[in-house]
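The tour goes from one selection to the next and says what to look for at each stop.

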Amino acid sequence: MTSPAEQLAELLDLEQIDVNIFRGRSPQENLQRVFGGQVAGQALVAAGRTTDGQRPVHSLHAYFLRPGVPGVPIVYQVERVRDGRSFTTRRVIAVQQGRTIFNLTASFHQPEPGIDHQVPMPGVPDPESLPKLADEIREHMGELPESLERMERRMAFDIRYVERLRWDAGDLRETEPRSGVWMRVIGSLGDDPLVHTCALTYASDMTLLDAVRIPVEPLWGPRGFDMASLDHAMWFHRPFRVDEWFLYQQESPIATGGRGLARGQIFDREGKLIVSVMQEGLFRPV
């Protein structure tokens, strides 16, 4: 049986069907839509495969246009926008069943010398002192519901919330819209920096919108909202590995008009800020 890290690597290993065209697998799952982080991660793989591999990606900007259908392959069409002296730019369109479901623009840049500063990493408990997500849910609920058992089996990441999960509305009074999680891939992901970057892109969509929901409903249990990612942006600051612990600090500065904005900062275990993230999500009462 393959490890969770190997399963994630396989999901991100696209089939090249033409010079600028790639096909990605979409697992058959009992979900309403394909997980957005999967589409973003695969699209970045497609973009990176058309570069010379010498320039790491430094930013991406993406829009989720339509929900993807689980179990149906996704085709990624890459446009080679620019190959300059310092920057490389790629545009990717994701197509499924003849319709565009997602687009992404990624920029690659060879790091240069310059100013160097960052905000400090917040003081939080070490990940080893915190319960695994599935164990925390099991502690409260006893046996996991079937949907959560499936999630645990396919989960490639060990996720540990910095604060204990809130289970009822009584816990939400005066709760600020922020959340923090430690994460890492379960197993080794190899040494290809592009694979680690695309895996982190995948993970960045897993918990970010939690920060929008925290003041109004528990993170686990029945949802009062139908949620969907609308757009996603990331800036990659330093090299990193996702099979080592990283801290994902998330907050929501505003939610209004049926949309919620969330931003995240990702730090490695040594406290270095490695990635910044912004995302807007749609929140419709159910």
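**Stop 1: a phenylalanine and its contacts**

Select Phe-102. Leaving aside neighbours within four places in sequence, Phe-102 is in contact with Val-39, Ala-40, Ala-43, Ala-62, Tyr-63, Phe-64, Leu-65, Val-92, Ile-93 and Ala-94. Bear in mind while looking at these side chains that the model is predicted.

Now widen the selection to the core around this residue. The largest nonpolar core has 62 residues, and those touching the most other members are Tyr-76, Phe-102, Phe-157 and Val-275. Helix α2, residues 36-49, gives the most to this core, with 7 residues. Another core, of 7 residues, lies apart from it; Val-162, Trp-182, Trp-245 and Phe-267 are among its members. In soluble globular proteins, nonpolar side chains tend to be buried together.

**Stop 2: the whole chain**

Zoom out and colour by secondary structure. The protein chain comes to 6 helices and 12 strands. Of its 286 residues, 47% are buried. Among contacts with a separation of 6 or more, 73% are between residues 24 or more positions apart.

**Stop 3: the sheet**

What is the order of the strands in the open sheet of 12 strands? Reading across, the order is β1-β2-β4-β5-β6-β3-β9-β12-β11-β10-β8-β7, and the pairing is antiparallel. Strands of a sheet pair through backbone hydrogen bonds, either parallel or antiparallel.

Go to the edges, which are β1 (15-18) and β7 (157-161); each of these strands pairs on one side only. Direction ignored, neighbouring strands of the sheet are turned by 25° against each other on average.

Asp-18 stands opposite Ile-21 in β2.

Continue to β10, which is joined to β8 by 6 bridges and runs antiparallel to it. Here Ser-179 has Gln-250 of β10 as its bridge partner. Why is β8 described as largely enclosed by the rest of the structure? The reason is that 6 of its 8 residues are buried, where buried means under 20% relative accessible area.

**Stop 4**

Helix α2 lies across β2, β3 (57-64), β4 (74-83), β5 (87-96) and β6 (99-109), and runs at about 45° to β4.

Helix α5 has 12 residues and reaches 16 Å from its first C-alpha to its last, close to the 16 Å expected at 1.5 Å a residue. Because 9 of its 12 residues are buried, α5 is largely enclosed by the rest of the structure. The buried residues of α5 are His-196, Thr-197, Cys-198, Ala-199, Leu-200, Thr-201, Tyr-202, Ala-203 and Ser-204.

**Stop 5: helix α1 and Leu-11**

Select α1, residues 4-12. Which residues of α1 are buried? They are Ala-5, Leu-8, Leu-11 and Leu-12. Looking down the axis of α1, you can see that these buried residues fall within an arc of 120°, so they line one face of the helix. The elements that cover them include α2, β7, β8 and α5.

Now pick out Leu-11. Its relative accessibility is 7%, so Leu-11 counts as buried. Not counting residues up to four places away in sequence, Leu-11 touches Arg-25, Pro-27, Gln-38, Gln-42 and Tyr-202. For a distance to check in the viewer, take the C-alpha atoms of Leu-11 and Gly-41: they are 30 residues apart along the chain and separated by 9.3 Å.

**Stop 6: a loop residue**

Finish at Ser-26, in the loop between β2 and α2. Is Ser-26 buried or exposed? With 6% relative accessibility, Ser-26 counts as buried. Show its contacts: apart from neighbours within four places in sequence, Ser-26 is in contact with Val-34, Gln-38, Val-69, Pro-70, Gly-71, Val-72 and Ile-74.

Definitions and conventions:
Residues are numbered from 1 along each chain as its sequence is written. This is a predicted model: local features need pLDDT of at least 70, side-chain atom pairs count only at pLDDT 80 or more; totals for chains, interfaces and linings use all residues. Side-chain values use heavy atoms; hydrogens and water are left out. A nonpolar core is a set of buried Ala, Val, Leu, Ile, Met, Phe, Trp, Tyr and Cys residues joined through side-chain atoms within 4.5 Å. Buried means under 20% relative accessible area, exposed over 50%, partly exposed in between (1.4 Å probe, protein chains only). Helices (H or I, at least four residues) and strands (E, at least two) are DSSP runs, numbered from the N terminus. Contact means heavy atoms within 4.5 Å. Two strands pair if DSSP finds at least two bridges between them. Axes are lines fitted to C-alpha atoms, for helices over the stretch in contact, and angles run from 0 to 180 degrees between N-to-C directions. The arc is that of the directions from the helix axis to the C-beta atoms. The expected span of a helix is 1.5 Å times one less than its number of residues.
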